[in-house]
Amino acid sequence: MKHVKKVSRRTRVVTGGALVAAVTLGGIGAYSASATTSAPATQTAVKADASNKNLTQSTHLTVDAASRAAQAALDAARKDNQRVTVAVVDRNGNTVVTLRGDGAGPQSYESAVKKAYTAVSWNAPTSELAKRLEQAPNLKDIPGTLFLAGGAPVTAKNAPVAGIGVAGAPSGDLDEKYAQAGVAALNK
């Protein structure tokens, strides 16, 4: 049988007080650590610039430019009475804007995004990329890609900055025509 030492009332009060103080100070410290106005973090952000060799820069379309391009592609399709979906992705393949035209089929949304992603990934129209499947049929196995006509890259200084994908017209050639209309709207 173990013998338990009895603790005095004074020891219990001091220990309890220390515990309350530690929890309170810990809470205040956590609150202070999450404050948004930290001087060191602000100084670090100010020092990060283009001359820092640890950083790279890339060019992306603005949301306004992506919206203009998507609307131009949708308008071109509408003139031909085609029901399509238009997607614009950034350099990293992230969707920036998607416009689903009235009456566009349910499959057109995903197809437009994948065509845009494929065009920006290889910096080439997807109609050209579809032809490459003859020499490299495994290309079609890359997740998120679609090697059908209808995707067009957007470039700046010969580097891809976005992709425009269109899906839903009865042929990929039409889809790509509308995607190219979106690219042309950016050059105006």
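The questions below go through a predicted model of one protein chain.

Residues are numbered from 1 along each chain as its sequence is written. In this predicted model, local features need pLDDT of at least 70, side-chain atom pairs count only at pLDDT 80 or more, totals for chains, interfaces and linings use all residues, and side-chain values use heavy atoms, with hydrogens and water left out.

Q: What is the average pLDDT of the protein chain?
A: pLDDT is the predictor's confidence in each residue, from 0 to 100. In the protein chain, 73% of the residues score at least 70. The average is 83.

Q: Over residues 18-24, how many contacts beyond four places in sequence does the model have?
A: A contact means heavy atoms within 4.5 Å. The pLDDT of residues 18-24 stays under 50, and where pLDDT is low, the predicted coordinates should not be read in detail.

Q: In which order do the elements of the protein chain run from the N terminus on?
A: Helices (H or I, at least four residues) and strands (E, at least two) are DSSP runs, numbered from the N terminus. The chain has six helices and four strands. Their order is α-α-α-β-β-α-α-β-β-α.

Q: Which are the edge strands of the sheet?
A: Two strands pair if DSSP finds at least two bridges between them. The open sheet has the order β2-β1-β4-β3, with antiparallel pairing. An edge strand here pairs on one side only, and this holds for β2 (95-100) and β3 (151-156).

Q: The backbone nitrogen of which residue lies 3.0 Å from a polar atom of the side chain of Thr126?
A: A polar contact is a pair of N or O atoms within 3.5 Å; within protein, one must be able to donate a hydrogen and the other to accept it, and residues adjacent in sequence count only if both atoms are side-chain atoms. Leaving aside neighbours within four places in sequence, Thr126 is in contact with residues including Leu148, Ala149 and Gly151. The backbone nitrogen at 3.0 Å belongs to Gly150.
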